[in-house]
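Hi,

Here is the structure I promised to pass on.

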Amino acid sequence: MKLGFETKIMGVLNVTPDSFSDGGLYLDPGLAEECALRMQIEGAHILDIGGESSRPGAFMVSTKEELRRILPVIKRLSKKIKIPLSVDTYKTEVAKAAIQEGVSMVNDIFALRKNKPLAKLIARHKTAVVLMHMQGTPATMQKKPSYKNLLQEVSDYLYNASRFARDNGISEEQIILDPGFGFGKTIGHNLALLHELDFFEKLNHPLLVGLSRKSFIGHLIGGDVSNRLNGSLAAASAAILSGVHILRVHDVLAHKELTLLLDALMDKK
Ligand code: HH2
């Protein structure tokens, strides 16, 4: 997968009972497979499989439970899906088992600070890694997020995370950065980040954003989580126009059409 040309789409597949928008829908591996195949047909470039919700207030699940949820799905998909698979986890054991089944990207919302041995595993297997900014933990992050200088603090955090990754043998080309929309951010913080996404260009890594169906979109346009597609597309448009490389989304087809149009407008080859 080449980054830096067309905007890439990462389709979200949560095998959890409680994810904020697709929780409970894909606990059956057969239904998860159907959803994955659909996202592939609709134009996803990567599939991100998660077994623990990180919605505000969520608590951690055990390694055993996370593996019980995602491994049967990953085993099925690695035989049937042509696009790369990513695992949304911060746990070394979970990432290790997923990589053994063919996963080639680790999406770590803790940016390697929760489980430091994860860095060595990623270095050894040369998988791609997403390092995301979060203030606090999912259990606490939305209690009172505050920053003296939002952009600089998020940028410094991502810079330090990428340096830690490189110090542990992960090469520059493996690293993707993410400012972490909704992870320890007020509505104002999310808007400021979206407005200034090109601030992160100087970090010199591809940028991924997860805007899809996030609650700040719901707060701005009204409506519950099932009615956030239009707002998600508006937010994604702003991100694409700022040069973001990867969109993490639930509604693949709609975002694919959006990227086709905006990438043509921006003359990306
Ligand atoms: N958002 C969520 C989960 N993982 N990873 C990255 N890199 N960026 C994000 O913005 C991001 C993420 C939350 O969304 P979702 O997976 O749909 O919900 P839940 O955490 O409730 O499973």
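A word on naming before the notes: helices (H or I, at least four residues) and strands (E, at least two) are DSSP runs, numbered from the N terminus. This is a predicted model, so local features need pLDDT of at least 70 and side-chain atom pairs count only at pLDDT 80 or more, while totals for chains, interfaces and linings use all residues. Residues are numbered from 1 along each chain as its sequence is written, and side-chain values use heavy atoms, with hydrogens and water left out.

**The ligand**

The ligand is surrounded by 18 residues, and Ser19, Ser53, Ser54, Asp178 and His250 are the closest (near means that a heavy atom of the residue lies within 4 Å of the molecule). By class, that shell has six nonpolar, seven polar and five charged residues. The classes work like this: Ala, Val, Leu, Ile, Met, Phe, Trp, Tyr, Cys and Pro are nonpolar, Asp, Glu, Lys and Arg are charged, and the others, Gly among them, are polar.

Gly210 uses a backbone N or O atom, 3.5 Å from an oxygen of the ligand. On its own the ligand has 470 Å² of accessible area, and the protein covers 99% of that (Shrake-Rupley, 1.4 Å probe).

**The largest pocket**

The ligand takes up the space of the largest pocket (sitting there means that more than half of its atoms lie within 2 Å of the grid points). Pockets and cavities come from a 1 Å grid over the protein atoms alone: a cavity is a set of points where a 1.4 Å probe fits but cannot get out, a pocket is an open set with protein on both sides within 12 Å along at least five of seven lines, and lining residues have an atom within 4 Å of a point.

This pocket has a volume of about 510 Å³ (the space filled by probe spheres set on the points, which are joined across faces, edges and corners). It is lined by 33 residues, with Phe20, Ser54, Phe181, Phe183 and Lys214 closest to its centre. Helix α7 (215–221) and α6 (187–195) each supply at least two lining residues, and α7 has the largest share, with three.

**The cavities**

How many cavities of 30 Å³ or more are there? The count comes to two. The largest holds about 70 Å³ of space, and its lining includes Glu52, Ser54, Glu66 and Asp88. That lining divides into two nonpolar, three polar and four charged residues.

The second largest cavity holds about 40 Å³. Strand β8 (246–249) and helix α8 (229–241) each give at least two residues to its lining, with β8 giving the most, three.

Cheers

Terms used:
A polar contact is a pair of N or O atoms within 3.5 Å; within protein, one must be able to donate a hydrogen and the other to accept it, and residues adjacent in sequence count only if both atoms are side-chain atoms.
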